[in-house]
Amino acid sequence: MKDERVFGITTGTAATAAALASLLCLRGCVVKRVCVETPSGKIDVDVDSVERISQDTARASVIKRPYGDPDVTVNLSIMAEVQITESSGVVIRGGEGVGTVTKPGLQVPPGEAAINPVPRRMIKENLQKYLKDGEGAIVTVSVPDGEKVASKTMNPRLGIEGGISILGTSGIARPMSSSAYRRSLACQIDIAVARGFKELVFVPGNIGERFAREYFKQIEEERIIQMANFPGYMLEKAAKKGLKKIILMGHAGKLIKLSAGIFQTKNSIADARREIMTAHTALSGAAPEVTKRIFNLATVEEMITELKKYGLTESVFNSISKSIKDRCSEKFSLDVDVLIFSMSGTILNSDFKIQPNHRFDRGDL
């Protein structure tokens with residue numbers, strides 16, 4: 001058994017365990033723990049509760065216990081109701097708190113419950129061993145607090161409505177939140193590609209998204225892609241998907257890091273904003289005392305205010321923008337343009353080609 005202080009279970013494993021406990025209850029077993037077959041091997045999972053509802057139906061719940069990762073689904077109760085039927089095969093449905101997919105491009109088609117292929121396969125394979133010839137089962141997975149928790153996930157952006165997703169490719173949840181988060185961010189690109197889009201706007205987060213909506217007033221929401229602290233990962237994914245143009249758009253505090261080749265922008269990993277701003281201020285011909293003042297300021301916004309006093313804003317940010325494009329072209333087979341904003345929404349660089357009335361490729365529209 002895996003050490004659950006380090007490793008946890010996925011929502012897919014929890015749902016499978018709950019379904020298996022329900023079926024074993026119908027077989028007359030007293031169930032407190034079940035052994036689930038996963039792609040990573042057998043895992044013993046504690047069962048929180050199980051009850052027989054009728055002669056052919058039972059319901060069980062499994063708590064997704066804490067492990068070494070800040071996972072928003074930790075401590076959720078994952079439930080599964082199993083009804084034995086006279087027709088062979090296992091039918092899987094989503095109940096309360098399990099989201100519904102509304103956009104193409106994900107692993108599950110629109111209109112289906114957001115229960116990914118590996119969890120579906122796990123549920124079917126684990127139940128088949130206990131079903132008799134000619135028997136089938138209807139499995140309804142539910143998460144009582146799923147709709148509330150879903151607002152803290154990427155689901156709203158991905159068009160998954162009404163709850164969380166039942167996920168997992170290995171059955172094991174490892175303490176690699178950044179890896180899991182990157183994969184969820186990349187799903188935005190999959191949705192855009194499914195729409196036929198070849199030209200996307202990448203933003204660091206909510207501030208950048210707001211800027212993009214205000215600047216491109218007719219832009220489709222699926223065209224705006226949040227990249228968080230992982231612009232390198234997202235640009236690489238975009239190139240592999242065959243996208244032809246990316247507009248990087250957002251607040252200076254995040255975007256300027258790319259000009260120094262920093263493609264993972266979390267402050268605790270890399271923060272060279274002061275050095276970047278100072279270097280490009282010097283390259284723009286600023287006097288030494290101005291360059292020194294820029295170096296000693298605490299925030300990018302303060303630096304922008306200082307540059308404005310000397311009429312250097314445009315030249316500094318054009319220099320930064322060019323460096324960003326040069327760095328991106330060195331690493332990725334993409335046409336990249338850059339729009340850098342201050343917190344007030346002022347455009348800081350004048351070398352961008354894309355105007356507010358830009359006509360994006362229409363994809364499949």
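Keep in mind that the model is predicted.

Four strands form an open sheet with parallel pairing, and their order is 13-12-14-15. Look at the two ends of that order: strand 13 (224-226) and strand 15 (335-341) are the edge strands, and each has a single partner, so one side of each has no neighbour in the sheet. On average, neighbouring strands of this sheet are turned by 25° against each other, ignoring direction.

Now step inside the sheet. Strand 12 (residues 199-203) and strand 14 (residues 245-251) run parallel and are joined by four bridges. Then look for helix 12 (residues 313-331), which lies across strand 14 and strand 15 and runs at about 150° to strand 15.

Next comes the pocket. The second largest pocket has a volume of about 160 Å³. Its lining is made up of 12 residues, and those nearest the centre are Gln 218, Ile 219, Pro 356, Asn 357 and His 358. Sorted by class, the lining holds five nonpolar, three polar and four charged residues.

Is Gln 218 buried or exposed? Its relative accessibility is 72%, and because exposed means over 50%, Gln 218 counts as exposed. Along the chain, Gln 218 and Pro 356 are 138 residues apart, yet their C-alpha atoms are separated by 8.9 Å.

Definitions and conventions
Residues are numbered from 1 along each chain as its sequence is written. This is a predicted model: local features need pLDDT of at least 70, side-chain atom pairs count only at pLDDT 80 or more; totals for chains, interfaces and linings use all residues. Side-chain values use heavy atoms; hydrogens and water are left out. Two strands pair if DSSP finds at least two bridges between them. Axes are lines fitted to C-alpha atoms, for helices over the stretch in contact, and angles run from 0 to 180 degrees between N-to-C directions. Contact means heavy atoms within 4.5 Å. On a 1 Å grid over the protein atoms alone, a cavity is a set of points where a 1.4 Å probe fits but cannot get out, and a pocket is an open set with protein on both sides within 12 Å along at least five of seven lines; lining residues have an atom within 4 Å of a point. Grid points are joined across faces, edges and corners, and a volume is the space filled by probe spheres set on the points. Ala, Val, Leu, Ile, Met, Phe, Trp, Tyr, Cys and Pro count as nonpolar, Asp, Glu, Lys and Arg as charged, and the others, Gly among them, as polar. Buried means under 20% relative accessible area, exposed over 50%, partly exposed in between (1.4 Å probe, protein chains only).
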